[in-house]
Amino acid sequence: MVMAKKDKGLLHRTFAEARECVKTNNQDRARDLFDFMIFHVANERWNNDIQAEEKLEGVKVGVWLERAWYGLENNNLLL
């Protein structure tokens with residue numbers, strides 16, 4: 001029996017799209033997506049008391065925040 005691959009969650013999809021926007025030089029959209037990632041993680045932490053070492057979508061919360069911040073910083077997307 002072959003198991004179906006689990007669909008990626010919202011953060012995975014958002015991060016992939018943000019990276020694609022960086023590659024295609026769609027800076028405004030990339031910035032919005034990286035910002036949304038930070039908002040989504042903050043919202044989960046606030047509403048569900050999730051700590052930085054806990055996981056969302058199989059990835060530590062701290063790693064999601066690093067990915068979003070580094071995406072903003074390394075691509076000169078900070079306002």
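Is Arg-31 buried or exposed? Arg-31 is buried, with a relative accessible area of 13%; buried means under 20% relative accessible area, exposed over 50%, and partly exposed in between, with a 1.4 Å probe and protein chains only.

## Basis of the model

This is a predicted model, in which local features need pLDDT of at least 70, side-chain atom pairs count only at pLDDT 80 or more, and totals for chains, interfaces and linings use all residues. Residues are numbered from 1 along each chain as its sequence is written, and side-chain values use heavy atoms, with hydrogens and water left out.

## Overall architecture

The protein chain has three helices and two strands, arranged along the sequence in the pattern α-α-β-β-α. Helices (H or I, at least four residues) and strands (E, at least two) are DSSP runs, numbered from the N terminus. Along the principal axes, the C-alpha atoms fill a box of roughly 45 × 35 × 15 Å.

Of the 79 residues of the protein chain, 29% count as buried. Among contacts (heavy atoms within 4.5 Å) with a separation of 6 or more, 47% come from residues 24 or more positions apart. The chain exposes about 5800 Å², of which carbon and sulfur atoms supply 51%; accessible areas come from the Shrake-Rupley method with a 1.4 Å probe, and for residues only the protein chains shown count as cover.

## Nonpolar core

In soluble globular proteins, nonpolar side chains tend to be buried together. A nonpolar core is here a set of buried Ala, Val, Leu, Ile, Met, Phe, Trp, Tyr and Cys residues joined through side-chain atoms within 4.5 Å. The largest such core holds 18 residues, and Leu-11, Phe-34, Met-37, Val-41, Leu-56 and Trp-64 touch the most other members. Helix H1 (10-23), H2 and helix H3 (61-74) each supply at least two residues of this core. H2 gives the most, with six residues.

Not counting residues up to four places away in sequence, Trp-64 touches Leu-11, His-12, Phe-15, Met-37, Val-41, Leu-56, Glu-57 and Val-59.

## Surroundings of Arg-31

Arg-31 lies in helix H2 (residues 27-48). With residues up to four places away in sequence left aside, Arg-31 touches Leu-72, Leu-77 and Leu-79. Its side chain also meets that of Asp-28 in a salt bridge (3.1 Å, N to O). Asp-28 counts as exposed, at 54% relative accessibility, while Arg-31 counts as buried.

## Salt bridges and charge

A search of the whole structure finds three salt bridges, each defined by a side-chain nitrogen of Lys or Arg within 4 Å of a carboxyl oxygen of Asp or Glu. One of them joins Glu-17 and Arg-29, with the closest N and O atoms 2.8 Å apart. This pair links distant parts of the chain, with Glu-17 in helix H1 and Arg-29 in helix H2, 12 residues apart. Glu-17 counts as partly exposed at 34% relative accessibility, and Arg-29 counts as partly exposed at 36%.

Glu-53 forms a salt bridge with Lys-60, the closest N and O atoms being 3.2 Å apart. Glu-53 is exposed, with a relative accessible area of 59%, whereas Lys-60 is partly exposed at 36%.

The mean positions of the 12 positive and 13 negative charges of the protein chain are 7 Å apart. Lys and Arg count as positive and Asp and Glu as negative, while His and the chain ends are not counted; the place of a charge is taken as NZ of Lys, CZ of Arg, CG of Asp or CD of Glu.
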